[in-house]
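Please keep the sequence and the structure in view while reading.

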Amino acid sequence: MKKFSYLLILVLLFHPALAHTLKAGVVYTVQTVRCLAFEGVKKTIDISKYASYLKDSDFEDNKRAVIRKKFNFRDKKIQVFSDGSYSVLLKKDPNPYFIYNSDGKLEVIVFCVKTGSYPKKSLSYDVKGNFRSVAYEINKQEQYVFDTNKKLIAHWIGHNCYNENGILIMTRNEDY
């Protein structure tokens with residue numbers, strides 16, 4: 001009987017028709033994401049390379065596009081935030097992309113460090129080249145953002161952004 005039990009177990013384990021693949025998801029805590037996000041962060045960048053982006057050269061066109069709610073163009077994508085700021089991603093050179101205030105002045109330069117499959121990581125710098133924040137994107141629907149002191153400042157879920165207390169603080173357009 002013992003031999004039969006072992007034989008049955010072996011047949012069940014190795015028979016392809018009976019094989020079953022277990023799929024497990026990765027669970028991220030804020031602390032886990034915080035550790036991953038800050039690996040290899042550079043504190044400054046050479047801002048002189050981006051002097052031509054200090055003012056949005058297409059500000060008037062981008063402003064009209066936002067009013068018409070047109071966000072995807074042949075050469076760029078625009079994402080609008082509820083505070084009036086917006087980002088411009090140039091399709092020919094999507095890294096970095098630029099975030100402007102509602103007056104078209106550059107506020108943030110964002111570099112995607114890890115692209116491709118998830119998770120993804122991006123670093124943002126201010127107009128003086130100083131590190132400002134790091135974002136860690138778990139998947140298309142979820143992203144964590146930390147400030148220079150490693151404090152959670154934003155948790156994006158879909159198009160909504162929440163602070164560390166779970167209070168909605170901002171939204172973004174759906175067409176990005």
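## Terms and model

Contact means heavy atoms within 4.5 Å. Helices (H or I, at least four residues) and strands (E, at least two) are DSSP runs, numbered from the N terminus. Buried means under 20% relative accessible area, exposed over 50%, and partly exposed in between (1.4 Å probe, protein chains only).

This is a predicted model, in which local features need pLDDT of at least 70 and side-chain atom pairs count only at pLDDT 80 or more, while totals for chains, interfaces and linings use all residues. Residues are numbered from 1 along each chain as its sequence is written, and side-chain values use heavy atoms, with hydrogens and water left out.

## Overall fold

The protein has three helices and 10 strands. From the N terminus on, the order is α-α-α-β-β-β-β-β-β-β-β-β-β. Of its 176 residues, 36% count as buried. Among contacts with a separation of 6 or more, 34% are between residues 24 or more positions apart.

Two strands pair if DSSP finds at least two bridges between them. Strand 5 (residues 120–125) pairs with strand 6 (residues 131–139) in the antiparallel sense, over six bridges. Leu123 stands opposite Val134 of strand 6. The hairpin of strand 5 and strand 6 has five residues between the strands, and Gly129 there takes a positive phi near 90°.

Strand 6 also pairs with strand 7 (residues 142–147), in the antiparallel sense and over six bridges. A hairpin through two residues joins strand 6 to strand 7. Glu137 has Gln143 in strand 7 as its bridge partner.

Ser122 sits in strand 5. Is Ser122 buried or exposed? It counts as buried, because its relative accessibility is 12%. Leaving aside neighbours within four places in sequence, Ser122 is in contact with Val110, Phe111, Cys112, Val113, Ser133, Val134 and Ala135.

Which residues of helix 2 are buried? In helix 2 (residues 30–37) they are Val33, Arg34 and Ala37. They lie on the same side of helix 2, because they cover an arc of only 105° around the axis. That arc is taken from the directions from the helix axis to the C-beta atoms. An α-helix has 3.6 residues a turn, so residues three or four places apart point the same way. The buried residues of helix 2 pack against strand 5, strand 6, strand 7 and strand 8 (152–157).

Leu36 is also in helix 2. Leu36 counts as partly exposed, at 26% relative accessibility. Leaving aside neighbours within four places in sequence, Leu36 is in contact with Tyr28, Lys121 and Tyr136. Leu36 and Lys121 are 85 residues apart along the chain, yet their C-alpha atoms are separated by 8.9 Å.

## Cysteines

A disulfide is a pair of cysteine sulfur atoms within 2.5 Å. By this rule the count is zero. Cys112 is partly exposed, with a relative accessible area of 27%. Cys161 is buried, with a relative accessible area of 2%.

## Largest pocket

On a 1 Å grid over the protein atoms alone, a pocket is an open set of points where a 1.4 Å probe fits, with protein on both sides within 12 Å along at least five of seven lines; lining residues have an atom within 4 Å of a point. Grid points are joined across faces, edges and corners, and a volume is the space filled by probe spheres set on the points.

The largest pocket has a volume of about 1400 Å³. It is lined by 50 residues, of which Gln79, Phe81, Tyr97, Gln143 and Arg172 lie nearest its centre. Strand 6 gives the largest share of this lining, seven residues.
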